[in-house]
Amino acid sequence: MAAVDSFHLLYREISQSCSVYLETLAVVGALYTASRAVILLRDCCVLVRVHFLPRIIPSRKLRHYGDWAVVYGASEPVAQAYSEELARHGLSIIFITYGRSNIGDFAANLSQRYGVETVLVPADLGWNQAAGKPVAEALGGKDVGFLVNCVDEACTSPRELVEMSEERLMEVTANNVAGATLLTRLVLPGMLARGRGAVVNISSGACCKPMPGRVMLSAATGYLDHFSRALHLEYGARGIFAQSLLPFQLASSQRRPASSTEGWLTPTPQVYARHAISTIGVSNRTTGYWPHTLLYGLMRCIPEWIWVLGWRVFIG
């Protein structure tokens, strides 16, 4: 390089020698910006297609899948709201209850309001394989088109793993993992024989990021999420639509009165169910409610190490 006697000449010499690299970096930056813009546009199109178009232009009726629905975990507010939407569309419902769940009044109210049949079948599927016998008998001869499994809301309460009793750990695992899986196994053969059906697993957006104090919630919802995706992959080509619903916080929760205030991000179970049920046949994995989808997208953009650091600094 020629000798220079001023900073201006030195800068010009360096700029000339680095111009090729600067142009390459500019091209890379432009390509990255364009790719991010395309991804953003794609996500916006998906948001409209999944959450808005089905509500503006209703698709085929839910009874296309069948005349009956099976609901497991109907003591949860979101499951009851979802059941009410199914009944409003004319589907009769078989409620599979476990533990000390008592939804007799709710089932009777659905029958009276919407003119549908309701059947209650007590069965602790997670504890005893023989408990599936009364369920199989209840399913006999019925055109079951829907199965709804709902995660036990009791495991959403913040609690460290060592603070939970062994009995409670077994109960959560049995109800949310073994029970939901066994019930799906009982319902699927009839759906496959008819070549149509829908399996909806309502878990939680908690499965997308780890959260201290909610180990069992993350584990149970993560299982249901992957279970749904695997079902859709395995049986989607045979007429079975399997959907994973990942809602975030809902208002009017019976077991979490602190979250009873309704808001834009905390809809009531009834509002959520109306949005979620419109995504049947449209998306096999969704939050079911478009503000929750925005929240999920934001959480997905946060690297896990930043997420963990934030919990330790601001929450822990």
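Guide: Two strands pair if DSSP finds at least two bridges between them. Strands (E, at least two residues) and helices (H or I, at least four residues) are DSSP runs, numbered from the N terminus. This is a predicted model: local features need pLDDT of at least 70, side-chain atom pairs count only at pLDDT 80 or more, and totals for chains, interfaces and linings use all residues. Residues are numbered from 1 along each chain as its sequence is written, and side-chain values use heavy atoms, with hydrogens and water left out.

Visitor: OK, what order do the strands of the open sheet take?

Guide: The order is β3-β2-β1-β4-β5-β6-β7. That open sheet has seven strands, with parallel pairing.

Visitor: Which are the edge strands?

Guide: β3 (118–122) and β7, each pairing on one side only. β7 pairs with β6 (residues 240–245) in the parallel sense, over two bridges. Leu245 stands opposite Thr286 in β7.

Visitor: And which helix packs on the sheet, touching β2 and β3?
Guide: Helix α3 (residues 104–114) does. Its direction makes about 160 degrees with that of β3. Axes are lines fitted to C-alpha atoms, for helices over the stretch in contact (heavy atoms within 4.5 Å). Angles run from 0 to 180 degrees between N-to-C directions.

Visitor: How many bridges join β1 to β2?
Guide: Five, and the two strands run parallel. Val70 has Ile94 in β2 as its bridge partner.

Visitor: How many residues of β2 are buried?
Guide: Six of its six. Buried means under 20% relative accessible area, exposed over 50%, partly exposed in between (1.4 Å probe, protein chains only). Ser92, Ile94 and Ile96 point one way from β2, and Ile93, Phe95 and Thr97 the other way.

Visitor: What does Ser92 touch?

Guide: Beyond its neighbours within four places in sequence, Ser92 is in contact with Asp67, Trp68, Ala69, Val116 and Glu117. Its relative accessible area is 10%.

Visitor: New topic. Why is α7 largely enclosed by the rest of the structure?
Guide: Because seven of the nine residues of α7 (residues 269–277) are buried. Among them are Tyr272 and His275.

Visitor: How much space lies in the largest pocket?
Guide: About 630 Å³. A pocket is an open set of points on a 1 Å grid over the protein atoms alone, where a 1.4 Å probe fits, with protein on both sides within 12 Å along at least five of seven lines. Lining residues have an atom within 4 Å of a point. Volume is the space filled by probe spheres set on the points, which are joined across faces, edges and corners.

Visitor: Which element gives the largest share of its lining?
Guide: α1, with 11 residues.
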